[in-house]
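Take a moment to look over the chain before reading on.

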Amino acid sequence: MSSAKKFARIGHECVACGVCAKTCPLRIITIHKGINAVVDGRKCVGCGKCAKACPAGVITIMEVKRHEEALV
């Protein structure tokens with residue numbers, strides 16, 4: 001079992017274009033109030049497809065150790 005969890009983090013520069021939401025294979029990214037995209041970090045597996053598809057380049061894949069997961 002891995003000691004780290006990966007998940008996507010969407011920067012505040014997000015323009016809510018929706019490309020990441022359409023690209024996410026788990027469909028866990030939503031557009032919040034038409035302002036920015038929000039990812040459910042508890043369900044994200046960190047595959048990176050959203051980060052590769054983001055035209056603004058504001059999505060990064062983060063990694064946290066399992067014991068730090070409660071802080072995310």
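Start at Cys24. Its sulfur has its closest cysteine sulfur in Cys47, 6.3 Å away, and that is too far for a bond. A disulfide needs two cysteine sulfur atoms within 2.5 Å. Now turn to Cys47. The nearest cysteine sulfur to that of Cys47 belongs to Cys50, at 6.1 Å, and Cys47 is in no disulfide. The count for the structure is 0 disulfides. Keep in mind that this is a predicted model.

Cys47 has a relative accessible area of 43%, so Cys47 is partly exposed. The cut-off for buried is under 20%.

Next, look for empty space inside the protein. Rolling a probe the size of a water molecule over the atoms shows where such space is left. How many cavities of 30 Å³ or more are there? The count is 2.

Take the largest cavity to begin with. Its volume is about 90 Å³. It is lined by 14 residues, and those closest to its centre are Cys24, Pro25, Cys44, Cys47 and Cys50. By class, the lining of the largest cavity has 12 nonpolar residues, 2 polar ones and no charged ones.

The second largest cavity holds about 70 Å³ of space. It too has 14 lining residues, and the closest to its centre are Cys14, Val15, Ala16, Cys17 and Cys54. Its lining divides into 13 nonpolar residues, 1 polar and no charged.

Now step back to the whole chain. Its secondary structure comes to 2 helices and 4 strands. What pattern do they follow along the sequence? Read in order, it is β-α-β-β-α-β. The chain has 72 residues, and 35% of them count as buried. Take the contacts with a separation of 6 or more. Of these, 61% join residues 24 or more positions apart.

Glu63 lies in strand β4, which covers residues 59–65. Lys6 is 57 residues from Glu63 in sequence, yet their C-alpha atoms are 4.4 Å apart in space. Leaving out residues up to four places away in sequence, Glu63 touches Ala4, Lys5 and Lys6. Glu63 counts as exposed because its relative accessibility is 52%. The cut-off for exposed is over 50%.

Is Lys5 buried or exposed? Lys5 is buried, because its relative accessible area is 10%. Its side chain has a polar atom 2.5 Å from the backbone oxygen of Cys44.

End at Val58. Val58 is placed in the loop between α2 (49–53) and β4. With a relative accessible area of 12%, Val58 is buried. Which residues does Val58 touch, not counting those up to four places away in sequence? They are Arg9, Ile10, Gly11, Glu13 and Cys14. Gly11 is 47 residues from Val58 in sequence, but 5.1 Å in space from C-alpha to C-alpha. Cys14, another residue that Val58 touches, is among those closest to the centre of the second largest cavity.

Conventions
Residues are numbered from 1 along each chain as its sequence is written. This is a predicted model: local features need pLDDT of at least 70, side-chain atom pairs count only at pLDDT 80 or more; totals for chains, interfaces and linings use all residues. Side-chain values use heavy atoms; hydrogens and water are left out. Buried means under 20% relative accessible area, exposed over 50%, partly exposed in between (1.4 Å probe, protein chains only). Contact means heavy atoms within 4.5 Å. A polar contact is a pair of N or O atoms within 3.5 Å; within protein, one must be able to donate a hydrogen and the other to accept it, and residues adjacent in sequence count only if both atoms are side-chain atoms. On a 1 Å grid over the protein atoms alone, a cavity is a set of points where a 1.4 Å probe fits but cannot get out, and a pocket is an open set with protein on both sides within 12 Å along at least five of seven lines; lining residues have an atom within 4 Å of a point. Grid points are joined across faces, edges and corners, and a volume is the space filled by probe spheres set on the points. Ala, Val, Leu, Ile, Met, Phe, Trp, Tyr, Cys and Pro count as nonpolar, Asp, Glu, Lys and Arg as charged, and the others, Gly among them, as polar.
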